[in-house]
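Me: I'm new to this structure and would like to learn how to read it. Could we go through it together, one feature at a time?

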Amino acid sequence: MVQTKTIHPVDRVLAIVAAAFAGLGALATLALLVVVNLDVGMRSFLNRPLPAIPELVALSITGIVFLQAPSALLAGRFIKSDALAKLILAQRPRLHPWFAGMFGLAGAALFGCIAYASWPILTKAWSRGDYVGTLGVITFPTWPISLIVVLGSLTCAAIYLRSITRKENQP
C-alpha cells in the first residue's frame, strides 16, 4: 500500500500564491525582455529610443524580485550560509528544531519589517498618484510595484512562520 502525504491547507495556499506570483514574475521578465530589445533595436536602427525605459526597468526589477521571492523561498532556493549551523548540528542534532525555529523567526521578522516599511510608501504613492517617466510623453504609476513589495514580503514572512510549525522541525 502506498502512503500518500497530505498537504496542510496553509501549505497549499502558500504554494498557490507563490506559484501565481512566480508566474506573474516570469511574464513580467518576458515583457521586460521584449521592451528592452525593442528599445535597443529602435536606438540602433532608427536612432529613436523608447521613452522612459530606464525608469521602467528599475521599477520592473524590483517588482520581479518580490514576485519571485516567495517561490524561491518555498523551494529552498534562497541563498543562505548554514556552515555554522551544520557544524553545531553535527555535534548536537537535538538543536535542529531550535535552529530551524530561530531561522524562521528571523526570516519572518526581516520580511515583516520590509512590508511594514513599504506600507507608507504604498499608501503615499496611491494617494498622491506618484509616477515615473516624463509627463506628457509616458508615465508609469509606482503604486503597483509598492503593492508587489508589500504582498511579496508578507508572503515570504508567512512562509517563514509556517516553516516553524512543520513536523520535520519538531522534536
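Predicted model: local features only at pLDDT ≥ 70, side-chain atom pairs only at ≥ 80, totals over all residues.

Me: Is Ser153 buried or exposed?

Reply: Burial is read from the relative accessible area, and under 20% counts as buried. Ser153 has a relative accessible area of 0%, so this residue is buried.

Me: Which residues does Ser153 touch, not counting those up to four places away in sequence?

Reply: Ser153 touches Phe66, Phe111, Ile114 and Ala115. Two of these names, Phe66 and Phe111, will come back when we turn to the core.

Me: Then let's do that. Which residues make up the largest nonpolar core?

Reply: A nonpolar core is a set of buried nonpolar residues joined through their side chains. Here the largest one has 11 residues: Leu14, Phe66, Ala69, Leu73, Ala108, Phe111, Val149, Cys156, Ala157, Ile159 and Tyr160. Helix 2, helix 4 and helix 5 each give two or more residues to this core, and the largest share, 5 residues, comes from helix 5.

Me: What is Ala69 in contact with, leaving aside its neighbours within four places in sequence?

Reply: Ala69 is in contact with Phe78 and Cys156. There is also a second, separate core of 6 residues, which includes Ala52, Ile53, Leu56 and Phe140.

Me: Now a whole helix. How do I read helix 1, and which of its residues are buried?

Reply: Here is the general idea: an α-helix has 3.6 residues a turn, so residues three or four places apart point the same way. In helix 1, the buried residues are Asp11, Leu14, Ala18, Phe21, Ala22, Gly25, Leu32 and Asp39. They pack against helix 2 and helix 5. Helix 1 covers residues 9-46 and reaches 54 Å from its first C-alpha to its last, close to the 56 Å expected.

Me: What follows helix 1?

Reply: Asn47 does, and its phi is positive, near 55 degrees.

Technical notes
Residues numbered from 1 in each chain as written. Heavy atoms only, no water. Helix = DSSP H or I, 4+ residues; strand = E, 2+ residues; numbered from the N terminus. Expected span 1.5 Å × (residues − 1). Buried < 20%, exposed > 50% of the residue type's maximum accessible area, 1.4 Å probe, protein only. Contact = heavy atoms within 4.5 Å. Core = buried A, V, L, I, M, F, W, Y, C linked by side-chain atoms within 4.5 Å.
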